Amino acid sequence: MTVRTVGVVLAGGVGARLGLNVPKQMVKIAGKTILEHTVTAFNESPEIDEVIVMITPGWSEHVATLLGNRFDKLTKILEGGSTRNETTRKVLDSITDDECKVVLHDAVRPLLDERIIRECVETLDAFGAVDVVIPSADTIVEVDGNDVITSIPNRALLRRGQTPQAFKLSILKEAYAKAMDDPYFAATDDCGVVLKYLPEVPIKTVLGAEHNLKVTHPVDLFIADKLFQLASRTAPKHTTEEERAALLAGKTIVVLGGSYGIGAEICRIAAASGANVVSHGRSTTGLHVEDPDAIAAAFEEVYKEHGAIDAVILTAGVLRIGRLSDTSEEEIAETIGVNYLAPVHVAKAAYRYLSESRGHLLFFTSSSYTRGRENYSLYSSTKAAIVNLTQALSEEWTGQGIKVNVVNPERTATPMRSKAFGEESPGSLLSAVSVAETSLDVITSDMTGLVVDVRKEQAGARSAGDAINEALSEAERELSTPDIP
C-alpha cells in the first residue's frame with residue numbers, strides 16, 4: 001500500500017547562540033530567509049506530499065505572511081513546544097493518517113539535498129526509523145565532569161548526526177506513547193526516543209552531506225552564505241514558444257549590450273514573443289553603459305514611450321586577458337567601468353521603474369566568480385562583485401517585489417569570446433541562443449537572489465545542496481580554460 005509522506009520543518013530556534021533578537025531561521029541568506037530555503041527544499045521534492053512548519057511560539061502570524069501562498073504543499077503552520085520532543089508530539093497530534101511517512105528536518109539546515117530526502121523516504125519502505133549521519137573526520141573523546149579524558153571510542157564506528165530523521169508514523173507514535181509513561185523521559189532527538197523506548201526497532205542510517213550544516217553559531221551563518229553563493233541553479237524552463245510568448249507579450253524589456261551575441265539574441269526572441277524590446281549598445285545607439293546620465297535618460301525615454309519597464313537586462317562586458325602589472329590605467333578603468341560600475345548605475349537608475357512594475361533586473365557573470373584566476377584578475381573579481389551585488393539587491397528590493405538574478409553561462413560562442421580566444425571547436429561551446437532563452441525564462445519567473453547556470457547539457461532543476469555538490473566537485477578540478485561567456 002502506498003502511503004503519503006509528510007515533511008515537517010522544525011523551526012523552533014531562538015537564535016541565542018547567534019546573538020540575534022530574532023529566531024535564527026528568520027535570518028536572510030542569498031535573498032531569502034533560512035526558513036524559506038528549507039521549506040523550498042521540501043516543497044520542490046517529488047518525495048514529499050505535504051509540508052508542515054512548526055514555528056517558535058509568537059511567530060506563526062509573521063511566518064504565515066512570509067511564506068504566503070507560494071508553497072502549494074504547505075498545509076499547516078503550527079507553534080511548537082518548549083522542547084524538541086514537545087514539538088514532535090504536537091506534530092503527531094496534527095497528522096490524522098492511520099499510517100504515513102514522516103520526515104522531520106531542522107529549519108536551520110537549509111542546504112538539504114534532494115538525494116537525502118529521497119533516500120530517507122525510500123529507506124522507510126524496509127525500516128521503521130531512519131537517521132541521517134556523516135562519518136566523523138575528528139577523533140571523539142569522552143571526558144568526565146572535570147574534563148579529563150576517560151575513553152577514546154573507535155572513530156570508524158562513530159557518526160555525526162544530522163537531519164532529516166524519518167519514521168513510519170505508527171513507530172514514532174508508539175515510541176512517544178511509551179515515553180509519556182516515563183517520569184524521567186528526556187531525549188535530544190526523535191531517533192533517541194525510538195532507540196530508548198522501542199529498542200527492538202532498527203534505526204537505519206542514510207549518508208548525509210558535509211554541507212548539510214546546522215546554522216547555530218556565527219561562523220555557520222558565514223559558511224552557509226558562502227555555500228549558497230556557490231549554489232547556482234538551473235532556470236525554470238518554458239518548453240514551448242507559446243508558453244514563453246504568453247509570459248512576454250506586452251512586456252517592456254530594456255537590453256543594454258544588445259548589439260550582438262547574447263544580448264542580440266535576447267532582443268530577437270523577446271520581440272518575436274510579443275514583447276516591446278528596446279536595445280542599446282555602444283556600436284548601435286552609442287550608449288555607454290558606464291555613463292549614469294546616459295542610462296537614466298535612456299530609461300526615462302522608454303518609460304515615456306511605453307508607460308512601464310518590466311525588465312532590464314545588462315549583457316555588456318569587457319574581457320581582457322593578461323597580467324595586471326601589464327594592464328594600462330585606461331584598460332583598468334574601462335574594465336571596472338563596464339563590468340562593475342555599469343551594473344551599479346543600471347540598478348540605481350532602474351529601481352524607480354522596476355519597483356512600479358515589480359519587475360526583473362538581470363545581470364551576467366562567469367564561472368570565474370568563484371575563484372580568481374591567473375591573467376583574469378580584473379575580469380574574475382568584477383564578476384564576483386556582480387554576484388554579491390545581485391544577492392544584496394535581491395534583499396534590499398524584496399519589499400518592492402523586484403527580482404534580481406545573475407546568469408552564469410558556460411563557455412559561449414560570442415564575439416567577445418572569439419576576440420579573446422580565437423576560433424574554437426563549435427561543439428564545445430554553448431550557443432548564444434540557448435543562453436538567451438534561459439535569460440528570458442529567468443525574467444518571467446519569481447526567482448530572486450540566485451546565480452542561474454546555463455550548461456550545454458542542462459540536467460533540470462536542482463536543489464541548493466545538489467548544486468553545491470557539483471560546485472565543490474568542480475572546484476577540485478583545475479580548469480585549463482576558464483568558462484568565459
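**Ground rules**

I call a residue buried under 20% relative accessible area, exposed over 50% and partly exposed in between, taking a 1.4 Å probe and protein chains only. This is a predicted model, and I keep in mind that local features need pLDDT of at least 70 and side-chain atom pairs count only at pLDDT 80 or more, while totals for chains, interfaces and linings use all residues. Residues are numbered from 1 along each chain as its sequence is written, and side-chain values use heavy atoms, with hydrogens and water left out.

**Entry: the seven-stranded sheet**

I take helices (H or I, at least four residues) and strands (E, at least two) as DSSP runs numbered from the N terminus, and I count two strands as paired if DSSP finds at least two bridges between them. I looked up the strand order and found an open sheet of seven strands, β5-β4-β1-β6-β10-β7-β11, with mixed pairing. The edges are held by β5 (74–79) and β11 (203–207), each of which has a single partner strand, so one side of each lacks a neighbour in the sheet. On average, neighbouring strands of this sheet are turned by 25° against each other, with direction ignored; for such angles I note that axes are lines fitted to C-alpha atoms, for helices over the stretch in contact, and that angles run from 0 to 180 degrees between N-to-C directions.

I then followed the pairings around β10. Strand β6 (residues 101–106) runs antiparallel to strand β10 (residues 159–168), and four bridges join them; here I find Lys101 opposite Lys168 in β10. Strand β7 (residues 129–135) is also paired with β10 in the antiparallel sense, over six bridges, and Ile134 stands opposite Arg160. Between β7 and β11 the direction is parallel, with five bridges, and Asp131 is placed opposite Thr205 in β11.

**Entry: helices on and around the sheet**

Which strands does helix α3 lie across? Helix α3 (residues 84–94) lies across β1 (5–11), β4, β5, β6 and β10, and runs at about 140° to β4. Helix α2 (residues 60–67) lies across β4 (50–55) and β5, at about 155° to β5.

I checked helix α1 (residues 34–44) for burial: ten of its eleven residues are buried, so the helix is largely enclosed by the rest of the structure. Among the buried residues of α1 I list Glu36, His37, Thr38, Thr40 and Asn43, together with Ile34, Leu35 and Phe42.

**Entry: salt bridges**

I count a salt bridge when a side-chain nitrogen of Lys or Arg lies within 4 Å of a carboxyl oxygen of Asp or Glu. By this rule I get 19 salt bridges.

The side chains of Arg84 and Asp106 form one of them, at 3.3 Å from N to O. This pair links distant parts of the chain, with Arg84 in helix α3 and Asp106 in strand β6, 22 residues apart. Arg84 counts as partly exposed because its relative accessible area is 22%, whereas Asp106, at 8%, counts as buried.

Asp125 is in the loop between α4 (114–123) and β7, 24 residues from Lys101.

Glu300 belongs to helix α10 (residues 292–306) and Arg352 to helix α11 (residues 329–357), 52 residues apart. Both count as partly exposed, Glu300 at 23% and Arg352 at 46%. I also noted one network in which Arg282, Glu290, Arg320, Glu331 and Glu334 are joined by salt bridges that share partners.

**Entry: Ser273**

I located Ser273 in the loop between α9 (261–272) and β14 (276–280). Ser273 counts as buried because its relative accessibility is 11%. Leaving out residues up to four places away in sequence, I find that Ser273 touches Arg244, Ala245, Leu248 and Ala249, where contact means heavy atoms within 4.5 Å.
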